[in-house]
Amino acid sequence: MTADLSTKYLGLDLRSPVVASASPLTGEVDSAVAIARAGAGALVMPSLWEEEVLEEELALNRGLETGSEHFAEALTYFPAVDELLTAADRYCQTLSEIKQAVDVPVIASLNASSAGGWIHYAKELEAAGADALELNLYHVVADPTVDGAEVEARDIATIEKVRAEVGVPLAVKLSPYYASFTNFGVAAVDAGADGLVLFNRFYQPDLDPEKVWYNDNPQLNFFRIEEYVMGDISFVDGLNCNTGYFKLANLLQTSTTAAHEYGHTIGLDHPDDLDIRGQPAPAIMYPRGTISDPHFQYDPNAIAGKTGGTLDPKYRKVTQADIDALRLHRLSFSDKGLAIVGGFSSIYHEKHSPPPSL
Ligand SMILES: Cc1cc2nc3c(=O)[nH]c(=O)nc-3n(C[C@H](O)[C@H](O)[C@H](O)COP(=O)(O)O)c2cc1C
């Protein structure tokens, strides 16, 4: 016999009181399904950040003006239309995929940066099928002329406006940092919140730029890894560089991108001839976009060089020729028997930094 744990949250019927809070785990179909199967009564997707949507649009515009990048790992030479969708479009797409895949309510979370953005995206998330909305009110106020009362009044106005525009239940996620927490909580409920989520926890970058700038330890390489990368590529900052920027999706599953990019960090370039039809398994330094025999393509039936008709990087392997190209016998070793392969680029990448023009 199983205990009946059913309950209500925001007016929704939940089969259990365990709600998975916003994080990357609730933002992907596979992990969302696993969480629901494990017994969660509802899922809160990670926040859709209006700033991210805007930043991406700017980055895309800049990226479209950028030339081709020599050391970058383009997913393919022919970007899929999907890659031109905005972060908001992709969020809504994932939301409806998760909704179809799980049998528990899916709550969308929003962190907007403008009054219009709160309403616009709240409506989009509702239209995409969210069972409820969670407003993640976190933002940094850096204007010395704005006092705490004004900040709180704006947040309350945001709740009121969103409440007036959407029909689904509304939760408001709060931080513990209010001068009078209960006063604000009551005001949020009066403004239309159906529930309060306590508490958000903020994480800060724990890597100081100075640590990257002045790094002289060859055992440390610094790569920023983000879900979104301008130009949709992973890159190192050049040959013999120990810094760069990786797109998370490039590193997952059967990807060999990390090994390929590591090759660049220790001085290996792409081969000159990027048409390897008729040759055996490709070496690790062949970039995506290389023309290969059909059985090494993403899609064996695709026409060479067209979408799907380029080398699937999962077939790349480190070969003896790659090792030989490092010319390890030419290294000079210290008294302690140590030698350094590669160099220091020491670039601290801010979010969404453009690929280097090499
Ligand atoms: C990796 C990670 C990502 C998160 N992303 C979000 C987010 O997008 N939106 C949000 O409102 N909270 C986010 N959170 C906060 C969590 O949902 C949760 O409120 C917070 O971690 C507090 O719970 P805890 O003390 O058990 O960690 C995130 C937390 C983590 C650890």
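Strand β12, residues 243–247, is mostly covered, with five of its five residues buried (20 or more other C-beta atoms within 10 Å of the residue's own, the C-beta atoms being placed from the backbone). Helices (H or I, at least four residues) and strands (E, at least two) are DSSP runs numbered from the N terminus. Both faces of β12 are covered: Thr243, Tyr245 and Lys247 are buried on one side, and Gly244 and Phe246 on the other.

The model is predicted; local features need pLDDT of at least 70 and side-chain atom pairs count only at pLDDT 80 or more, while totals for chains, interfaces and linings use all residues. Residues are numbered from 1 along each chain as its sequence is written.

Strand β10 (residues 222–226) runs parallel to β12 and is joined to it by five bridges; strands count as paired if DSSP finds at least two bridges between them. In this pair, Ile225 stands opposite Phe246. β11 and β12 form a hairpin with six residues between them, and Gly238 in the turn has a positive phi of about 150 degrees.

## Helices α4 and α5

Helix α4 (residues 115–127) packs against helix α5 (residues 148–165) at an angle of about 35 degrees, with the axes 9 Å apart. Axes are lines fitted to C-alpha atoms, for helices over the stretch in contact, and angles run from 0 to 180 degrees between N-to-C directions. On the α4 side the contact is made by Ala115, Trp118, Ile119, Ala122 and Lys123, and on the α5 side by Thr158, Lys161, Val162 and Glu165 (in contact: C-beta atoms, placed from the backbone, within 7 Å). These residues divide into five nonpolar, one polar and three charged. Ala, Val, Leu, Ile, Met, Phe, Trp, Tyr, Cys and Pro count as nonpolar, Asp, Glu, Lys and Arg as charged, and the others, Gly among them, as polar.

## Ligand shell

The residues around the ligand are Ser21, Ala22, Ser23, Pro24, Pro46, Ser47, Ser109, Asn136, Lys173, Asn200 and Arg201, taken as those with a C-beta atom, placed from the backbone, within 6 Å of it. The shell divides into three nonpolar, six polar and two charged residues.

## Chain overall

The protein chain has 10 helices and 12 strands. Of its 358 residues, 33% count as buried. Its C-alpha trace spans about 70 × 50 × 50 Å along the principal axes.

Note on methods: Buried ≥ 20, exposed ≤ 12 C-beta atoms within 10 Å, placed from the backbone. Contact = placed C-beta atoms within 7 Å.
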